[in-house]
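Subject: Structure handover

Hello,

Here is the structure for you to look over. My notes on it follow below.

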Amino acid sequence: MPGRQSRRSVLATIAALPLTGALSACSSSDGASQSGSTSNANSTGAKRATHITFWSALRGSQQVVDAFNRTHDRIQVDFQQIPAGGQGGYAKLSNAARAGNAPDVATIEYPQLPGFAIDGVAREITGLMSDGLRAKLLRQALALTTFEKRTFSVPLDVEPMVMHYRTDLFRQYGLHVPRTWDEFEEAARAVRRKGNGRRLANFATDGAPQFASFAWQAGAQWFDTAGGVWNVSLADDPSRRVASYWQRLIDQDLVFMNPVDGRQSDAQISNGQVLVRLSGAWDAGAQMNARPAQKGAWAVAPLPQWDTAAPSLGTHGGSTFAVTKDSSHPEAAMEFIEWQVSHPDALRARLSSGTSSQYPAAPGLVPVGRKAFDRSYYSGQDIYRVFEEEAHKIRDGWIWGPRMTATSKVMQDGFARASGGQGSLIDAVRAAQKGTMPDLRALGLATTERTS
Amino acid sequence: MTSPLTTTPSPIGATRPADAPSSAAPARTTRRSSRRRELGACGALMTPFFVLLVTVFLIPVGTAVWLSFFSDDQPGLGFGPEHTVFVGLRSYTAVLTDPTFLSSLGTVALYCVIYIPLMVVSALALALLLDSGVVRLRASAQLGLFLPHAVPGIIAALIWLYLYTPGLSPVIDLLGKADITIDFLGLHTVLPSIVNIALWSNLGYNMVVFYAALQAVPREVIEASVVDGAGPVRTALQVKTPLVRPSIVMVAMFTLIFALQLFTEPMLLGQASPVINSRFSPSMYIYDAAFTRNNYGLAAAASVVLLICTIALSYGVTRWTNRATAPEEDAR
């Protein structure tokens, strides 16, 4: 049975989790020298080359760095693989910045970028970025890394939320791909009726980013920076609408409600208990890697809409590259970043490490990704065409908050309680706002808040 | 403090041989030198304490207080250059209006209410049992009870996490066979589960404290009570227990201080239970504020609030017991 782990490995993981953060936080200073990844110092130019350091948790980064170092004499990159942000990567970065030895280039996801920009870890790069690079990037992606017309990082990929669904089970139950959320609810009801224990989808109790994406699509504006003030309104009308929609599905037992990270969810997908995953474009490749046996069973469709006449969408996932305040070679760092996000060789190198369906923030690279992607898992479907169409629906104006990790955590605590029968989804959203405001005030930020 | 320290070796070394033969003539100098010697010894013995007090308590507390009143601020949205400014009570206002911090205080209060009485009563009961001689194999019972205390807290939490996790735990498997399903990490069971871990770890230690105190109870008092016709239970409860009252106060106080710092167990169990959030206890709130929210002002203010609560409660416990003992002594 896939997804079943031995006792020892589970315990080891449990034991290691709290330690990774602490340990990585301590070993930041000499990290770059430990990595041993400084490849090919054989070229004669390498001696005079500017060396920059790069931290990332993204898969395939080593291959990208190797390809860069092979083709560049003037700049050489020393790469260090670090844990994913939530598993200690961000703590490591903050601590390094506090100690004054952050790497030249760091990887930061969209929701965490405002926090790192406010803390002064991510340097303002408005002046460093060439107009050529700006023109290469999807407008909506760049808007997410720009605050008050000042840019703080360069998007690598932008991930429109899509619907991954089981074609075989849809056929078996005679379902059509839902185009609206009303149709989605109908489909959920049909699966509940016919599916002997199956459910259409899972509402992730650890899924604040998913919920944010739903709210984003519905027109919510959790954070707004108009007037030079952080206006916080997590429970605005669209968010309440989304919360009550999912609450209704949960109350009628039309969807599962459990964490999406973990054995339970893994088993639900592997055993065909859920028919649909609502997640970013990247998840198509992750699914191929995780469950090769389900080849041919999945397809990708656009996320259901509230109003098909005015389609709108949020993102789920995606990373950006920032030049840190400690970088002594910001121009070289910027050159490396530009190559990474916009050069076809960079994307090819990244994809050489294994299957990935990331959607590049530079639309010019989409053909490269599409060509490199093996379509056989999705029965020949051109999933990049879906991504491309969806990426243009990403709604403008969304802004992540200054302490998004914490906001998400409080919200997820509320979701988990709701799954245990205590409170509702909207309670969790309101609690997240209440738990966020003291943080922002203690940081000395100008804030206003709307509660409803 | 430095001068007595540096002179200590010489007076001790020099005066001792001369001390014995001539006692009458240089009495004055001897007194002075013995006074110096006392001061020197006092300084030598106290210095490590003060050095530790300053380096591991006063300096960190001072840093926390400083951090709670100053902050690196940027105006408006926060994307500008930083300036260190005095922010007054801003961090304190923020922490005291944070519902997640208040709920963490509530959690730890509930934990104390369950844990402290349970700990004191069971440790005392076990000590009295051992002392009364009812238990055979006293030495091995003592060792068995004390041994868990030697297990570091994080390992203890790991062991119990194993026993609490459905699918891994042999205990849950066994209970399942008897048709009893229990979720040790559920909404209402998780706090008792944590109490259980703390109890398992510290019961033996506190029992030894009580047992040592009971050994010091004069045997004639007990003999007198036996002669007066008190049974073993009555002797234990009405003769021995009042006599070890100072130990009870001390154990209660230490347990309180330990309990207020609740961190390791929920931190680890939180990996397996969604019910334990990242701000479950005040210490976890502080950790989360500093290391995931990068909000050092908030973390420092929360630390100071927790410190004040701890001091106030400890003071309250001592005052309360003093008042409670005072009338008794008056009556005598």
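In chain B, 6 residues of domain 1 are in contact with 9 residues of domain 2. Contact here means that the C-beta atoms of two residues, placed from the backbone, lie within 7 Å. Domain 1 of chain B covers 2–86 and domain 2 covers 90–331; these bounds come from an automatic or database domain assignment. On the domain 1 side, helix α3 (residues 27–69) of chain B gives the most, with 5 residues. Helices (H or I, at least four residues) and strands (E, at least two) are DSSP runs, numbered from the N terminus. That side has 4 nonpolar, 2 polar and no charged residues. Ala, Val, Leu, Ile, Met, Phe, Trp, Tyr, Cys and Pro count as nonpolar, Asp, Glu, Lys and Arg as charged, and the others, Gly among them, as polar.

Some ground rules. This is a predicted model, where local features need pLDDT of at least 70 and side-chain atom pairs count only at pLDDT 80 or more, while totals for chains, interfaces and linings use all residues. Residues are numbered from 1 along each chain as its sequence is written, and chains are lettered from A and ligands numbered from 1 in the order in which they are written.

Next, the chain interface. 36 residues of chain B touch 41 residues of chain A. On the chain B side, α4(B) gives the largest share, 4 residues. Elements giving two or more residues include β1 (70–73), α5 (99–132) and α15 (296–331) of chain B. By class, the chain B side has 18 nonpolar, 13 polar and 5 charged residues.

Now a helix pair. Helices α6 (residues 138–150) and α9 (residues 190–215) of chain B pack at about 125°, with axes 6 Å apart. Axes are lines fitted to C-alpha atoms, for helices over the stretch in contact, and angles run from 0 to 180 degrees between N-to-C directions. The two are therefore oblique, the class left after roughly parallel (under 35 degrees), roughly antiparallel (over 145) and roughly perpendicular (65 to 115). Among the contact residues are B:Phe146 of α6(B) and B:Trp200 of α9(B). The contact has 9 nonpolar, 4 polar and no charged residues.

Last, one residue in chain A. A:Phe336 sits in helix α14 (residues 330–342). A:Phe336 counts as buried because it has 27 C-beta neighbours inside 10 Å; the cut-off is 20 or more other C-beta atoms within 10 Å. A:Phe336 and A:Phe68 are 268 residues apart in sequence, yet 7.8 Å apart C-alpha to C-alpha. Leaving aside neighbours within four places in sequence, A:Phe336 is in contact with A:Ile52, A:Phe68, A:Ile75, A:Val77 and A:Val105.

Best wishes

Technical notes: Buried ≥ 20, exposed ≤ 12 C-beta atoms within 10 Å, placed from the backbone.
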